Amino acid sequence: MCSSPAQAAKTAYDAIAGEYDAAVAPSAWVRERLWERLDTLFPAGSRVLDASAGTGLDAVHLAARGVAVTACDLSPGMLARLAVRAPAIPCVVADFNHLGELEEAGLEGPFDGLISTFAGLNAAADLAGLARAAARLVRPGGVLFLHVLGPWRRGRELPVRIAGVEVPHRLWPPRELANLFAADFALSRRRGQGILRPVDDPGRFAGRDRWERVLSALPIARSFGTFFSLEMIRRHGGSR
């Protein structure tokens, strides 16, 4: 039995590391939409901390564009896949809620951005540690980019089994998630994904993409997306 949510997530993702990329391949269109935005936010020469890097799909994309990425994940198995794919990307095995401990061990900011995509944050019931670390690690004017499961499901917790391991997922309404970081970051942009087009769509519903893009920006419609993303800008000053 896993002793904590973090341990459960580590065990589960270690178990599926070898199959993860194939499992998420049908949702490549969602990741491509995220990359469009990340490419705008982080030009070549930027420094970005990927707090839940997994097998490194986002990290490798950014690095190929000249972004200096540091990849963190609590699953050594997932990061091992990244290390094979892109040995030059620094990898750190870490729970994103304990990045503050890594600062003491030599994780060096400031970063131009901190990102987490594809529901990595949903596997934690509490993000207080991440909020404290992000405030110290992201430079004033830098970007916090969070991509999580949408809140439309009933309840605050979604039961998820990964490789036979129970990994409860916490669901935050957008305002509640933004408030967790509001002492040091100002909300600048929110978008939905998977409103009309199914997330796991290898192309059958690609014709819906035009309307998906329109709806993703509308306050009412985006609340029904499978995912949503928040962009928050690091305030000058702040509480930390």
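This is a predicted model: local features need pLDDT of at least 70, side-chain atom pairs count only at pLDDT 80 or more; totals for chains, interfaces and linings use all residues.
Biologist: What makes a residue count as buried, and what percentage of the protein is buried?

Modeller: The cut-off is a relative accessible area under 20%. Of the 240 residues, 49% are buried. The protein still exposes about 11,000 Å², with 56% of that supplied by carbon and sulfur atoms.

Biologist: Which residues of helix 5 are buried?

Modeller: In helix 5, residues 76-85, they are Met78, Leu79 and Leu82.

Biologist: Why are these buried residues said to line one face of helix 5?

Modeller: Viewed down the helix axis, they fall within an arc of 95 degrees, so they line one face. In general, an α-helix has 3.6 residues a turn, so positions three or four places apart point the same way.

Biologist: What do the buried residues of helix 5 pack against?

Modeller: With contact meaning heavy atoms within 4.5 Å, their partners are helix 1 (5-16), helix 2 (20-24), helix 4 (57-64), strand 2 (68-73) and strand 3 (91-93). The protein comes to nine helices and eleven strands.

Biologist: How many of the contacts between residues at least 6 apart in sequence join residues at least 24 apart?

Modeller: In the protein, 72% of them do.

Technical notes. Residues are numbered from 1 along each chain as its sequence is written. Side-chain values use heavy atoms; hydrogens and water are left out. Helices (H or I, at least four residues) and strands (E, at least two) are DSSP runs, numbered from the N terminus. Buried means under 20% relative accessible area, exposed over 50%, partly exposed in between (1.4 Å probe, protein chains only). Accessible areas come from the Shrake-Rupley method with a 1.4 Å probe; for residues, only the protein chains shown count as cover. The arc is that of the directions from the helix axis to the C-beta atoms.
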